[in-house]
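Q: Can we go through this structure together? I'd like to start with how its terms are set.

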Amino acid sequence: MLDLLFILVPIGLVIAFISIKSIINFMKIEPIYEMPASQSEGTFLIKNEGVYEIWLSGKKYKKTPLGQFGLRLENMYTRQDVELSRSIMRTSVSGFNTARVSIYSFRAEVGTYILSMTDEADFMDRLGAKFINSISRSPVDYSQFSFQVRKHVSLFPLVLCIFGIVLGIHAILVGLILPMVL
């Protein structure tokens, strides 16, 4: 019985290590395109058909431009607008000095696309901006923010990784503490 409990420690370490490494790999997915928020339009190429996301990236603890702009995505060759779906539960990733938040997702075919800023901000973003503006009257520094187009990452593997971390830590604790009690 005690041998079984001691086996839990290395198993827990392996599960926690693999889960943490997987989360880090998910967060390190490189952007396909990055456009400064101070620029009103940019062109980028999508090489693989699939679901992509537009992220707002910038300095942490700075007033964001959310609610002061809208985005439009257009296929350069067909001149058709691509439907942008607002992220309801916005995913965010934070570093020490920077952070990014997913604002839109879209499905795209292989081709060249034009991303442009518009004056038609999302209602919820405008509502949030009014609240922030009532607290801080300072203007937004657009030079500190950018839009990034990234491949969509499903939240299911991330949730599994978080579960793996919790399971690994529990296995380590049970493997260390239970033999002392018995």
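A: Helices (H or I, at least four residues) and strands (E, at least two) are DSSP runs, numbered from the N terminus. This is a predicted model, in which local features need pLDDT of at least 70, side-chain atom pairs count only at pLDDT 80 or more, and totals for chains, interfaces and linings use all residues. Residues are numbered from 1 along each chain as its sequence is written, and side-chain values use heavy atoms, with hydrogens and water left out.

Q: Ok. Where is T112 found?

A: T112 is in strand β9.

Q: Buried or exposed?

A: T112 is buried, at a relative accessible area of 13%. Buried means under 20% relative accessible area, exposed over 50%, and partly exposed in between (1.4 Å probe, protein chains only).

Q: What is T112 in contact with?

A: Leaving aside neighbours within four places in sequence, T112 contacts T43, F44, L45, E74, N75, M76 and Y77. Contact means heavy atoms within 4.5 Å.

Q: Which residue stands opposite T112?

A: L45 does. Further along, T43 stands opposite I114 in β9. β2 and β9 pair in the antiparallel sense over six bridges; two strands pair if DSSP finds at least two bridges between them.

Q: What order do the strands of that open sheet come in?

A: The order of the four strands is β2-β9-β4-β5, with antiparallel pairing. β2 and β5 (81-82) are the edge strands, each pairing on one side only.

Q: Which residues are on the covered face of β2?

A: G42, F44 and I46 are on the covered face, while E41, T43 and L45 are on the uncovered one.

Q: Switching to the largest nonpolar core: which members touch the most others?

A: Of its 25 residues, F44, I54, L71, I103, F106 and F147 do. Such a core is a set of buried Ala, Val, Leu, Ile, Met, Phe, Trp, Tyr and Cys residues joined through side-chain atoms within 4.5 Å. β8 gives the most to this core, with five residues.

Q: What does L71 touch?

A: Not counting residues up to four places away in sequence, L71 touches I54, L84, I103, Y104, L115, S116, M117, T118 and F147.

Q: And M35, which strand does it lie in?

A: M35 lies in β1. M35 counts as buried because its relative accessibility is 0%. With residues up to four places away in sequence not counted, M35 touches S40, E41, G42, L115, M117, S146 and F147.

Q: How many residues apart are M35 and W55?

A: They are 20 residues apart along the chain, and their C-alpha atoms are separated by 10 Å.
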